[in-house]
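Me: I am new to this structure and would like to go through it by question and answer. Please show it first.

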Amino acid sequence: MSTAYALRDSTTMLRRDLRHLQRYPGLSMFPILMPVVLLLLFVYVFGGTLGDGIKVGGGRGAYINFLTPGMLLFTVVGAAQITAISVAKDMTEGIIARFKTMRIWRPAVLAGHVFSSLILTLISLAVTIAVALLIGYHPAAGPLRWLAAVGILVLLALALIWLSVALGLLAKSVETASNTPMVLTLLVFLGSSFVPVASMPAGLRWFAENQPFTPVTNTVRSLLADQHVGSAGVKAIGWCLAITAASYLWARYLYNRRPVQ
Amino acid sequence: MTDPSSMAIAAVDVRKSFGDNVVLDGLDLAVEQGSVFALLGPNGAGKTTMVRILATLLEADHGAIRVAGHDVVREADAVRAAIGVTGQFSAIDDLLTGRENLGLMADLHHLPRTRGRERVDQLLERFELADAADRMAMTYSGGMRRRLDLAMTLIGAPQVIFLDEPTTGLDPRSRRTVWEIVESLAGEGTTVFLTTQYLEEADRLADRVAILDRGRLVAQGSAQELKQRIPGGRIDVQFADTEAKLVAADALGIPVPERDAPSLQIATDGNVATLRRVLRDLDEAGVDVVDLAIHTPDLDDVFFELTGRGPDAAESRTDEEIYR
């Protein structure tokens, strides 16, 4: 019965969640501004030195080109974290009980969060790309490769947003929900986003090479630099789909199980 | 009245435990369509659990439960389409305005756009929220939040409304407003199921009252019937002096109490005729009555009688002794 309203109810919830982002800029501006601040910091503070390590005599210019794809991944991670907070906030408030006593398409509540987070992610990505281009990022990619790169980032975004939904549902409080996904931020640093993994000590290098963010970063980097993607592409897509599927099932389980106040 | 298909709520032998903690221990309830039913009980009696089960938020461990003619588990969606729920905790969206909150409900009830807007305006007007309609709900006072909460529950014109402690924590004026809303809903033929800790509230609003204590119903009936189930009605008469008291006792044919106070307590069934007879007898005996008070048992007394405790579980045994 209620599946007939799947699209309509999801759109209603999406509208509600977008209004929340608008009314609560303290939350929604963070994932937009944070990558820009880090981008400027890394390029202008560390970039001169790091760039030389990437290409002899490369300097700041080489580092912008290396860093930007990694920063896009960081942007996706940052935006997804907001989802956990919004979901946890919803679950700890009485309104979720109201939704559950109404004849609506039940997953619409979660769908609204997922799509509003995706929109926030796309806005954050656009801002990060714009700032990168302004400060000297020179991608070699044509429109098709750009599209593929954005496609990979959207896949990653969906995976991390669903994971974040599950973490938000799992959290007993909004505070916990805002802390748990921080692990993901750390994971970005333990990958190929900011420096080449070849420069890391053996054990760490093995971890960095085999964690999900590295193939995603490498794929986006190769696509935007107009270089051969290789096996990283398949690995990246595989990781994204696997995380999405597992997180979706976990979130669905938690949502249906979790008692409401 | 006993035809089960005409019942808005019919629950038989409802049981629910959380771990070892038995919260509902075999509850039977029947609520007639269009009536106001109050589930009365102290904190922790299981009232909220019962509401959550009836409102499809929680599954009972055992029992057959039908709301608006549908099974709450197998036909949960049909039940949801027929009910409105206002829980104990406010279920409004703080970051939306009052109007947007109601609009959200209209959308989720799949009302056509124009009709939804009309309904929103109507409810804003009816619940005296029109002036604050475009302010975020987080700026609302406790009473306004409760009114918005109720208005959101009413968007879909539900047949059965559940109100879980609708006036807890409200100031007297807001409480009266909520009472008026409940009364007007009942007047329109909506079935109202409310829980309350306030005996006065159940007495004023409900056609039928059920008293829940530690997961069991200890009594069920109209407030009037429940009051009649316990003795304790009496007329207190004050006289000018002990001599007048003695004359009065003689005239009324009741034994003279040993107390020195110039007053008499006359047991009564609460009838006006009895009162008239007492006054006439006293008048004929030429006794001046200084003061007269009629004590009719209220639901507080019913609660004490049935559970041996006050409606507030925290109240100590000494209260019981004082009462007796």
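**A residue at the contact, and a sheet**

Reply: A:Arg98 counts as buried because it has 26 C-beta neighbours inside 10 Å; a residue is buried if 20 or more other C-beta atoms lie within 10 Å of its own, exposed if 12 or fewer, and partly exposed in between, with C-beta atoms placed from the backbone. This is a predicted model, in which local features need pLDDT of at least 70, side-chain atom pairs count only at pLDDT 80 or more, and totals for chains, interfaces and linings use all residues. Residues are numbered from 1 along each chain as its sequence is written, while chains are lettered from A and ligands numbered from 1 in the order in which they are written.

Me: Which residues is A:Arg98 in contact with, leaving aside its neighbours within four places in sequence?

Reply: The place of A:Arg98 is in helix α5 of chain A; helices (H or I, at least four residues) and strands (E, at least two) are DSSP runs, numbered from the N terminus. Two residues are in contact if their C-beta atoms, placed from the backbone, lie within 7 Å. Leaving aside neighbours within four places in sequence, the contacts of A:Arg98 are B:Val85 and B:Ala91.

Me: Which element gives the largest share of the side of chain A that touches chain B?

Reply: The contact takes 23 residues from chain A and 21 residues from chain B. On the side of chain A, the elements that give two or more residues are α1 (6–23) and α5 (95–100). The largest share is seven residues, and the element that gives it is α1(A).

Me: Which strands are the edge strands of the open sheet of chain B?

Reply: The open sheet has four strands in the order β2-β1-β4-β5, with antiparallel pairing; two strands pair if DSSP finds at least two bridges between them. Nine bridges join β1 (residues 7–18) to β2 (residues 21–32), and five join β1(B) to β4 (residues 62–67). Pairing on one side only marks the edge strands of chain B, β2 and β5 (70–71).

Me: Which residue is the bridge partner of B:Arg15 in β4(B)?

Reply: Strands β1(B) and β4(B) run antiparallel. In β4(B), the bridge partner of B:Arg15 is B:His62.

Me: How far apart do the C-alpha centres of domain 1 and domain 2 of chain B lie?

Reply: Domain bounds come from an automatic or database domain assignment, which gives domain 1 (4–228) and domain 2 (234–295) for chain B. The distance between their C-alpha centres is 46 Å.
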